[in-house]
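Here are my notes for someone opening this one for the first time. Have a look at the model, then read on.

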Amino acid sequence: MHLPSLLRGALVAGGASVAAGSGNFGVRSFSAVAAASPSFCRSASVVRSHSPYTRPSFCSASQFIPAAAAWFASSRAAVSVTQPRTYRPSGSSYFGAGLQKLRSPSLSVSNKSSVISSLRLGRQSFLQAASLTPLAQETSRNLSTMGKENPFENLLTTLPNPDGGSFGKYYSLPKLNDPRIDKLPYSIRILLEAAIRNCDEFQVRKADVEKILDWENTAPQQVEIPFKPARDFTGVPAIVDLAAMRDAIKRLGGDPNKINPLVPVDLVIDHSVQVDVARSPNALESNMQHEFHRNKERFAFLKWGATAFHNMLVVPPGSGIVHQVNLEYLARVVFNSNGILYPDSLVGTDSHTTMIDGLGVAGWGVGGIEAEAALLGQPMSMVLPQVVGFELTGKLRTGVTATDLVLTVTQMLRKHGVVGKFVEFYGKGMQELSLADRATIANMSPEYGATMGFFPVDHVSLDYLRMTGRDEEKVKLVESYLRANKLFIDYDEPQSDNVYSSFLRLDLDSVEPCVSGPKRPHDRVPLREMKDDWHSCLNNKVGFKGFGIPKEHQDTVAKFDFYGEPAELRHGDVVIAAITSCTNTSNPTVMLGAGLVAKKATELGLKVKPWVKTSLAPGSGVVTKYLQKSGLTKYLDQQGFNLVGYGCTTCIGNSGELHESVGSTITENDVVAAAVLSGNRNFEGRVHPLTRANYLASPPLVVAYAFAGTVDIDFEKEPIGISETGKEVFLRDIWPTSEEIAIIAGTSVLPEMFKSTYETITKGNKMWNELSAPAGALYSWDPESTYVHEPPFFKTMTRKPPGVHGVKDAHVLLNFGDSITTDHISPAGNINKDSPAAKYLMERGVDRRDFNSYGSRRGNDEVMARGTFANIRIVNKFLKGEVGPKTIHIPSGEKLYIYDAAKRYQEEGKDLIILAGAEYGSGSSRDWAAKGPYLQGVKAVIAKSFERIHRSNLVGMGIIPLCFKPGQDADSLGLTGYEKFSINLPSDIKEINPGQDISVTTDSGKQFTCTLRFDTQVEITYFEHGGILHYVLRQLLEL
């Protein structure tokens, strides 16, 4: 019999004995264990002899726990090595996990209270009996963090199963008998349920529940609440940090096994595949071989993590994109954990975690540092968000795609202003949107600035669960629970009027085909206006909508030779056309639409120019199956849209090299070349260093632009090509109707495809399975590795917090304007051959062809620190118009690479700050956008405004975020950036409050006031400790 269940049974039975009035643990508790292991009885001398015919005798908790601990500690090693580590019980030991089960609401109030009381009484005896074992320390921690009894235990209700029996128990919101619940947005109800379920008057308090219940009044006040998500997404940097934390806790005298995820954690390896090979039948295999060759060290590290950490699932490379895998497979919608039902929810280190909101699962991106703390058991501290109600009416016109809709929604919400807010979609138009359409809209929440774009579960959601192969019994559970707990919306029934902070409305019939670009996802351009907009961009001065090309150069034709054939490039010519990104490849409608465009064009004799780098990178193997079944794969292949991999590819800058002749032609002739992709990000420098114009478009439009070969086209008036018969072919001639797509989808997208794909997803592939990986609780760092390197964050950490500190006489490292994104800050894309990171790699014998991407080297702090602010399109005011990753070292006046300047400042003992404009840190959730500046010595950032996740990341790394007062910025205050800045924080933490005014002075005599963007008291505590992970480590050390 499995030990954890034995211990759970013993403890629960003991609780029953306590409830009977003895205050002790019953021998019945020992009997179950003894039946499986006589050695336990031998070690537990406190067990008294008994007979089934006599009244059971009892022993106290102070006797029971040391005996159990001593026996289990002696057996632990054998158990640990024989049991799989995927999704084990929470905690870093089985016994600790067993004790944590006492917090389960499945125990009655009296039993649970008595058991906890007895355990506390026995805690000291336990420590005395097993003080030398890590097990004892872990158990002590679990006992010491047990709060009071959940005050909402009376809400526990059994959910009957219509087929007999019950599904389990749940915390019933209707049982609160509070009329405010019916007016709450569905997204807020999920926060309410989580607070009630986790309420222990320790980490989550009854007062927090009341704040959420009173959301209509408290949300405008920016009140703080704790939130404990049901699960977590993470990435390579988090595993590196966890490994380093194990080393640190051991060095400081603690138990490394305390560092373990306490909630289920999923890691899908999807960011490392590049489009090295395209337009080839063997592109998939070739790119995977390149991927494994480059990332062998990194993959071996992750494979180690999959076995070293409990509660963690690692999905091997080549399986898909995390958000699509989440949607199609990982999402539970409703958890059933040991008989307790509750809504699925998650946070992830990728900002597009929000895609799952389309399925009614509350999820959003957080800083990597914050996510790591959450998976280690810390409740997330968040401001109770306002909720924007977005009503959808009508129906999309035929030929209009979900991509057109999401770009329209993004523009509307950007204009409305939703940063830090939830957006909740509702209305009759919801019934006209497929689940995949909803997921497309939810995916781009970061682009419109919201924390999440939420779609409550309805019948469409249930149908999607069935279509993706979920068990019918699971679907029944989901519907029954959500209906019972007022979390299900049925549009066939009369709807109550929910209260929202503000409202927007969109008639779906008004949506028209469009693209977004050339440099930001919210710069939507109706397709009918694209040609005019393009010429405006050529004329406009350099900026988000301008390239500053002189009139006399706008018609330049650059001729070159392509494999012996004459070729030419003009401004606006497409050199990359990529069907990629979870945003769209999860949607069968647009993917089949792309295949139909390719089919119709091919049948008319159209061909994509051979120098256009075309690629198809879907988010899961299901896409490949339904494209093959529909018969459309061959047409995509004929036009160069061969399958190149299952990963993010072009959308995150892994577009690979352009052909040398194409690249040199662009560079030598200063051609504004274009990329068109079905992604969610098109910030300058992200897609490819040589494509200055980057447009987001639906997959069918990506194929259409590939045929056209240019973005300088009016599809209504100009032909997309010439047929074999010499006839002009227009976009309308090859564009499929909605009915055509629906017919093919009905016969090609089948539940069996999802089942067969995901039955084997965790088994890996041949390359992954043959990869050798180290073993053990502690990782053996290889000092020669250029992929995985022990980070310095915890090497000098002490048990005592460093305390709060201001900034004295700091130089400005960088002086920015508005809209500096995490793509500008964080290392992303290819490693430039002349960069400090390239120099570091070459010094260690890495050949240029093996540089790989920054994303693939996120586990090496030396590379990432050098790659911070290395974007070749970054604009720094110090350079007076020059674009690139350099700055002025103010004391010497030298122009240096930003990393080299930062290094020199550190050698001189100088603090550094950054000046910035509005929306600093917008874009993807990148923890290295905070870790990198930290390693470069940045102590504070003063900006007009911050993106939500990035501000949180800065706080997590101990960097001070400050905002200029409204109407002010560096320019209006007459700041040049050449001054020395002092930030005058109070020396006593008790005198620091969220959002308080802070005085900033300069050596030039200027003084101004900023708002301190520590938004909660918890964040101030993190700052006192030097960062959130340092705080967590010290907490673990004290337990």
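Which residues of strand β11 lie on one side, which on the other, and are they buried or exposed?

1. Strand β11 (residues 345-348) has S345 and V347 on one side and L346 and G348 on the other, and all of them are buried, so both faces are covered. Buried here means under 20% relative accessible area, exposed over 50%, partly exposed in between (1.4 Å probe, protein chains only). Strands are DSSP runs of E, at least two residues, and helices are runs of H or I, at least four, numbered from the N terminus.

2. A quick word on the source: this is a predicted model, where local features need pLDDT of at least 70, side-chain atom pairs count only at pLDDT 80 or more, and totals for chains, interfaces and linings use all residues. Residues are numbered from 1 along each chain as its sequence is written, and side-chain values use heavy atoms, leaving out hydrogens and water.

3. Now the neighbours of β11. Strand β6 (residues 231-233) pairs with β11 in the parallel sense over two bridges, with D232 opposite V347. Strand β12 (residues 362-365) also runs parallel to β11, joined by four bridges, and G363 in β12 is the bridge partner of L346. Pairing takes at least two DSSP bridges between two strands.

4. Helix α12 (residues 236-251) is largely enclosed by the rest of the structure, because 14 of its 16 residues are buried. Just after α12, G253 takes a positive phi of about 95°.

5. Don't look for disulfides (cysteine sulfur pairs within 2.5 Å): the structure holds zero. The sulfur of C648 is 6.2 Å from the closest cysteine sulfur, in C582, too far for a bond. C648 is buried, at 7% relative accessible area.
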